[in-house]
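Here are my notes for someone opening this one for the first time. Have a look through it, then read on.

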Amino acid sequence: MAIVRTTRICYITYMIEEIKQLQDGDRIPDAVFKTRVGDRPVCGDNSGHWQDVATTEVFADKKIILFALPGAFTPTCSSAHLPGYDMKYTELKGLGIDDVYCLSVNDAFVMDKWALKLGCSMVKMLPDGNGDFTRGMGMMVSKRNLGFGERSWRYSMLVEDGVIKKIFSEPGF
């Protein structure tokens with residue numbers, strides 16, 4: 001970390017290790033997602049509990065579509081991406097897809113409330129709160145200029161048994 005001082009403002013610049021962006025044929029990174037089980041409604045008895053979900057639990061021996069977004073409750077992600085995949089869920093299952101996941105560098109509470117607010121019940125939410133999976137994919141970007149910190153680049157991919165068969169990344173990365 002480097003600290004740059006001016007007469008009025010102190011900026012902190014983080015040195016971010018450059019990680020290769022994964023491509024078709026690469027194995028997805030190992031990560032553990034911190035999820036919540038049994039939290040609806042969060043108000044009330046709050047009988048939910050934390051459940052660690054490893055990438056192997058999500059991707060092993062399965063054909064998965066994962067789409068990643070910069071953030072829950074952001075305009076384009078909320079108006080088009082998450083609802084669009086939720087509407088196409090049954091069609092994708094009919095094509096042999098085992099499941100569809102939405103990933104964002106947000107915590108489990110935020111991801112759950114976002115899906116609930118949008119009425120999306122088919123797509124599974126995958127919180128990458130610490131960004132470990134996103135960083136391992138080489139898809140972490142700085143959105144500090146917007147006050148968002150580090151976030152995922154927008155992409156989608158078809159993964160079979162933990163191997164990326166096809167990845168589609170938004171231009172400009």
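Is Lys-166 buried, partly exposed or exposed? Lys-166 comes out as partly exposed, at a relative accessible area of 37%. The labels work like this: buried is under 20% relative accessible area, exposed is over 50%, and partly exposed is in between, with a 1.4 Å probe and protein chains only.

1. Ground rules. This is a predicted model, where local features need pLDDT of at least 70 and side-chain atom pairs count only at pLDDT 80 or more, while totals for chains, interfaces and linings use all residues. Residues are numbered from 1 along each chain as its sequence is written, and side-chain values use heavy atoms, leaving out hydrogens and water.

2. Overall build. You'll find four helices and 11 strands in the protein chain; these are DSSP runs numbered from the N terminus, helices being H or I with at least four residues and strands E with at least two. Of its 173 residues, 41% count as buried.

3. Contacts and surface. Take the contacts (heavy atoms within 4.5 Å) between residues at least 6 apart in sequence: 60% of them join residues at least 24 apart. The chain exposes about 10,000 Å², with 54% of that supplied by carbon and sulfur atoms; the areas come from the Shrake-Rupley method with a 1.4 Å probe, and for residues only the protein chains shown count as cover.

4. Back to Lys-166. Its salt-bridge partner is Asp-24, with the closest N and O atoms 3.5 Å apart. The two sit 142 residues apart, Asp-24 in the loop between strand 2 (10-13) and strand 3 (32-37) and Lys-166 in strand 11 (residues 163-169). Asp-24 is also partly exposed, at 35% relative accessibility. A salt bridge here is a side-chain nitrogen of Lys or Arg within 4 Å of a carboxyl oxygen of Asp or Glu, and by that rule the count is eight.

5. Glu-150 and Arg-135 form a salt bridge, their closest N and O atoms 3.1 Å apart. Asp-132 joins Arg-135 and Glu-150 in a network of salt bridges. Glu-150 is partly exposed at 28%, and Arg-135 is partly exposed at 29%.

6. One with a buried partner. Glu-170 pairs with Arg-154 in a salt bridge, the closest N and O atoms being 2.9 Å apart. Glu-170 lies in the segment after strand 11 and Arg-154 in the loop between strand 9 and strand 10 (155-160), so the bridge ties together parts 16 residues apart in sequence. Arg-154 is buried at 19%, whereas Glu-170 is partly exposed at 33%.
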